[in-house]
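Colleague: I would like to learn how to read cavities in a protein model. Please take me through the case at hand.

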Amino acid sequence: MNPFYFGSGQHRLFGIYMPPLARRAGARSIVLCHPWGQEYLRAHRSMRQLASTLAAAGHHVLRFDYFGTGDSAGEMAQASLGDWEGDIAFAIEELRDTTAAAKVALVGLRLGAALAARVAARRPEDVDALVLWDPVVGGAEYLGELVSGASYAMDRVPRPADAGGGYDVLGFPLTGTLMKEIAAIDLCELVPAIPARMLVLASQALPSHQRLEAALARRPAGEGALERIECEPAWLEKEDLGAGAIPVAILQRIAGWFG
Amino acid sequence: MKESIREQAMLLGPRRSLVGILAQAASSPTDAERPMVLILNSGIIHRVGANRLSVALARELAAAGFPVLRFDLSGIGDSEPRADGLAPLDAAMADIREVLGSLEGSRGTRRVVLAGLCSGADHAAIFSASDPRVVGLVLLDPSIPKTRGYYLRYYGMRLGRPGTLLNVLRGRHPMWSWMKTRMAGAPGSPPESFGPDLQSAEIRAYLEGVYRSSVERGVQFLAVFTAGHERIHNYREQLLDAFPGIRFGERLRLEYFGDSDHTFTPGVARERLVRLVVDWASGANFSTAREPDDAEPSSEGRARGSAIPASRPATP
């Protein structure tokens, strides 16, 4: 395990690289893309466990924090989804420099999945495999989830206009910029044309899944159909732990898919 | 003037298994000028802290000239679990000791301030009791025994609610069965709504010993309580009332955040907390052990603190 900073100047990003723990043919280079806000904190141990599982299976894994999140530089109130897609691209380059891989795989959870899908769509020369784990399908639907999950006055506080507007949601700034960009997310528009091999997993049902399944059905050879695996959501707090459950079945499926 | 800071990732401990982030001013002062601040995990949340509080705290303290390390205890966040089978509390103590060993070996660190929220505060207080390298403690919502004042406020609040008052008058409230059990001489645990039992004589004596040991060694304390942890505490002076035999005196700055929950979710609460910690650390007289004060403190002078009255957050 190698924790390190990459990037430069005021845009230093924190990452943890896990080398393969077993020798194997066909070792992949995999970048994990975190979810947003409280979901990032709650799912951290699941993402860590996923990285360990993939490394134990013989793959190279890089987890990293977007600008303004986790241990990376900056404040979330200064960040945008465009910045975070750029950070995924930085992470891809960093991992390729380390492993000399020609192409990488992206694994994203929730908002991280939507960002990973956008990057995979724009950079088919860099990304040849994509795992969308309980992805954000429609931005408006996701914003509704965030709002309903912050139903107490202390958990959803309007932000001043001169601080970017929007709301502080469960302790994290959901600025006007982020809200506008999130609202524009439509995974169904992206997935039919992404050339990367794709695995789409859902542990929790969303109303948008029907539309997503129709979109996935338009992929070549129907590859990438939505798989439902019933287990606890990694991004919702379990009891009063401050963390979510670790969905072992999901982690095993992802590791098995990479082979 | 605020300094710019730099951060570096580290692997600490004899097995290089504990992941930490060291933040320090770009023109870092020597250790002799400022103690290092170690920020501990809260529960199983990793080193960035609830609502990224530990990151904010570390960066502001670093800008004020303190080297600050946030790290994950073994098995939490990105740190590897221990292989020696120690029980959780013993493992935490061993982890902190190993990190201090790494810092002393690599940087000559000999004085530290331990900071933590909730279980992090408890770990900080307990470790400080037995290690003279700890010269300061920042305790955010630590576990402390309940007092008469706690129960008066707890029931006073609830008797104001019509449903609770009716249950009490009808004899249906769990309080009555608990009181019957206690009056019958049975040990009995408090109702579930009271939370973990810190009331046993053994635990009370243990905690008192922990705090007394650090006080007598001259450790400087900043203790902050919020209105969001009422299963454990619900008023500012509860720490003092829980340990009436300990003379904290001027070593303790005691604050109460009546408008915050347990994890400082509102951004304004976090900003205020960070300013408070930086101000306290910048003004504290961190030194090696010295004799306890001789004078008996008055009830007003039992601890320094703000004049902010305890107040409850708006009902959601």
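Modeller: Begin with chain B, where α1 (53–63), β5 (112–117) and β6 (134–140) each supply at least two residues of the lining of the largest cavity. Helices (H or I, at least four residues) and strands (E, at least two) are DSSP runs numbered from the N terminus. This is a predicted model: local features need pLDDT of at least 70, side-chain atom pairs count only at pLDDT 80 or more, and totals for chains, interfaces and linings use all residues. Residues are numbered from 1 along each chain as written, chains are lettered from A in the order written, and side-chain values use heavy atoms, without hydrogens and water.

Colleague: What is a cavity, and how many of 30 Å³ or more are there?

Modeller: On a 1 Å grid over the protein atoms alone, a cavity is a set of points where a 1.4 Å probe fits but cannot get out; lining residues have an atom within 4 Å of a point. Points are joined across faces, edges and corners, and the volume is the space filled by probe spheres set on them. The count here is three.

Colleague: Which residues are closest to the centre of the largest cavity?

Modeller: B:I39, B:L53, B:S54, B:L117 and B:L140, out of 13 lining residues. The volume is about 100 Å³.

Colleague: How does the lining of the second largest cavity divide by class?

Modeller: Into four nonpolar, four polar and five charged residues. Ala, Val, Leu, Ile, Met, Phe, Trp, Tyr, Cys and Pro count as nonpolar, Asp, Glu, Lys and Arg as charged, and the others, Gly among them, as polar.

Technical notes. On a 1 Å grid over the protein atoms alone, a cavity is a set of points where a 1.4 Å probe fits but cannot get out, and a pocket is an open set with protein on both sides within 12 Å along at least five of seven lines; lining residues have an atom within 4 Å of a point.
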